[in-house]
Amino acid sequence: MQAQAWLSHFAVVLYCGIALWFSACEERVTRHVLATVLSVDGTAEVRQKGDPEFSEITPATLLHVGARVRTGTSEGLNLAFLPNTLANLTGNTELQIDDLALTKDGNAMRNDVRSRTVRLLLLRGTIRALFNRPPGCKSVLTIRTPHGELNVDSDCILLANVDNRRTRVTCVYGMVTTRVGQTNFSVEAGYFQEFPSSELSPQAVADDAGAQRDVMSIIETENELQNLAHRQRLLKPDFLDR
């Protein structure tokens, strides 16, 4: 009887230990992070969430979730929302950061980031964005506009422009999913889409001079963004932990 009681006690302890081990392995910690200003060429302002007024953006400015960003004469406000999401805002652009979050595996010794989320609201102007999805890390970029929504969950290079009439998205690499009302469209590399529009499907860049200019502007910006991000990694090694 004593042996049976000891075995029962051991089984309970073993079961609890295994349950705690699995629970620990599945631990996930999600936290909001700050966007980094890579460079400012011209004038740009931010109104952080809760602040009554806009203030000047400098390379030392950190952008919080809820921040409203607007550019004046800026020819290049370059941002890293996360290390895998770089962007350039042109002049007369206004954007709000709806969410910047990452989820980490609290028990991993290295490569602990399991997901990255960037959600933006582009109210007017132009954003050129470089997005990549690191292996083993679920990542999503969402850009809402007054006319629809863009979603990216794999490597992609894109340009989105918003004015008071429409939104225009041009895909240079990868694929963008656009949501207009209840309808989804896939915009692949070499295509663009405007909405609202009488055209119900993406059109070829080769057939439109404006889309061709979009592509050239992204190509010119891509190298600058990559160089600025590389410099940021050298200055702040913990940048990659985000």
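Let us begin with strand 13. Its Val-162 is the bridge partner of Gly-125. Strand 10 (residues 113-131) pairs with strand 13 in the antiparallel sense over seven bridges; two strands count as paired if DSSP finds at least two bridges between them. Strand 14 (residues 167-173) also pairs with strand 13 in the antiparallel sense, over six bridges, and Leu-158 stands opposite Cys-171 there. Four residues lie between strands 13 and 14 in the hairpin they form.

Strand 13 covers residues 156-162, and seven of its seven residues are buried (under 20% relative accessible area, with a 1.4 Å probe and protein chains only). In a regular strand, side chains alternate between the two faces of the sheet. Here Cys-156, Leu-158, Ala-160 and Val-162 point one way, while Ile-157, Leu-159 and Asn-161 point the other way.

## About the model

This is a predicted model, in which local features need pLDDT of at least 70 and side-chain atom pairs count only at pLDDT 80 or more, while totals for chains, interfaces and linings use all residues. Residues are numbered from 1 along each chain as its sequence is written, and side-chain values use heavy atoms, leaving out hydrogens and water.

The chain has two helices and 18 strands; these are DSSP runs numbered from the N terminus, with helices (H or I) of at least four residues and strands (E) of at least two. Of its 242 residues, 43% are buried.

## A helix of 27 residues

Helix 2 (residues 209-235) reaches 40 Å from its first C-alpha to its last, close to the 39 Å expected at 1.5 Å a residue; that expected span is 1.5 Å times one less than the number of residues. Its buried residues include Ile-218, Thr-221, Leu-225, Leu-228 and Gln-232. At the start of helix 2, a side-chain oxygen of Asp-208 comes to within 3.0 Å of the backbone nitrogen of Gly-210.

## Two cores

Which residues have the most contacts inside the largest nonpolar core? They are Phe-81, Ile-97, Leu-120, Ile-127 and Val-176, in a core of 40 residues. Such a core is a set of buried Ala, Val, Leu, Ile, Met, Phe, Trp, Tyr and Cys residues joined through side-chain atoms within 4.5 Å. Strand 10 gives the most to this core, with seven residues.

A second, separate core of ten residues includes Ile-157, Leu-225, Leu-228 and Ala-229. Ile-157 belongs to strand 13, and Leu-225, Leu-228 and Ala-229 are in helix 2.

Notes:
Buried means under 20% relative accessible area, exposed over 50%, partly exposed in between (1.4 Å probe, protein chains only). A polar contact is a pair of N or O atoms within 3.5 Å; within protein, one must be able to donate a hydrogen and the other to accept it, and residues adjacent in sequence count only if both atoms are side-chain atoms.
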